[in-house]
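Here are my notes on this one, point by point. Have the model open while you read.

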Amino acid sequence: MPKMKTNRSAAKRFKVTATGKIMHKKCGKRHLLRKRSSKAKRALGKYKELFKGYYSHIAKAIADKL
């Protein structure tokens with residue numbers, strides 16, 4: 001049986017840390033930013049850990065990165 005292909009769109013959206021956590025960027029950083037404070041905009045730029053319920057689904061999509 002051949003190897004499973006990596007889902008390229010998922011590989012670009014999610015990063016895996018050295019400890020094995022799957023991280024993703026926060027949403028809301030594209031437009032309508034005038035009303036947000038600088039602190040809020042900075043916080044949106046950081047990565048956040050993926051909800052545990054989605055781990056198995058995303059891990060399958062980015063199998064070569066784990």
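1. Terms for the core, to begin with. A nonpolar core is a set of buried Ala, Val, Leu, Ile, Met, Phe, Trp, Tyr and Cys residues joined through side-chain atoms within 4.5 Å. Buried means under 20% relative accessible area, exposed means over 50%, and partly exposed is in between (1.4 Å probe, protein chains only).

2. Ground rules. This is a predicted model, where local features need pLDDT of at least 70 and side-chain atom pairs count only at pLDDT 80 or more, while totals for chains, interfaces and linings use all residues. Residues are numbered from 1 along each chain as its sequence is written, and side-chain values use heavy atoms, with hydrogens and water left out.

3. The core itself. The largest nonpolar core has 9 residues: Ala-10, Ala-11, Phe-14, Ile-22, Leu-50, Tyr-55, Ile-58, Ala-61 and Ile-62. Helices (H or I, at least four residues) and strands (E, at least two) are DSSP runs, numbered from the N terminus.

4. Which residues does Leu-50 touch, leaving aside its neighbours within four places in sequence? Contact here means heavy atoms within 4.5 Å. On that basis Leu-50 meets Phe-14, Ile-22, Met-23, His-24, Tyr-55 and Ile-58.

5. Now Thr-6, in the segment before α1. Is Thr-6 buried or exposed? Thr-6 counts as buried because its relative accessibility is 18%. Setting aside neighbours within four places in sequence, Thr-6 is in contact with Ala-11, Ala-61, Ile-62 and Asp-64.

6. Ser-9 sits in helix α1. With 38% relative accessibility, Ser-9 counts as partly exposed. Its C-alpha atom is separated by 9.1 Å from that of Ala-61, 52 residues apart along the chain.

7. On to the rings. The structure holds 1 aromatic pair, made by Phe-51 and Tyr-54, and the pair is edge-to-face, at 5.6 Å centre to centre with 70° between the planes. (Rings of Phe, Tyr and Trp, the last by its six-membered ring, pair if their centres lie within 6.5 Å; planes under 30 degrees apart count as stacked, over 60 as edge-to-face and the rest as tilted.) Both Phe-51 and Tyr-54 are exposed.

8. The largest pocket has about 170 Å³ of space. A pocket is an open set of points on a 1 Å grid over the protein atoms alone, where a 1.4 Å probe fits, with protein on both sides within 12 Å along at least five of seven lines; lining residues have an atom within 4 Å of a point. Grid points are joined across faces, edges and corners, and the volume is the space filled by probe spheres set on the points. The lining is Lys-25, Lys-26, Cys-27, Gly-28, Lys-29, Arg-30, Leu-44 and Gly-45. By class that gives 2 nonpolar, 2 polar and 4 charged residues, where Ala, Val, Leu, Ile, Met, Phe, Trp, Tyr, Cys and Pro count as nonpolar, Asp, Glu, Lys and Arg as charged, and the others, Gly among them, as polar.

9. Two C-alpha distances involve lining residues. Lys-15, in strand β1 (residues 14–16), has its C-alpha atom 9.1 Å from that of Lys-25, 10 residues apart along the chain. Arg-42, in helix α2, has its C-alpha atom 9.4 Å from that of Lys-29, 13 residues apart along the chain.

10. One backbone angle to look at: phi of Leu-32 is near 60°, a positive value in a residue other than glycine. Leu-32 lies in the loop between β2 (22–25) and α2 (38–44), and counts as exposed because its relative accessibility is 57%.
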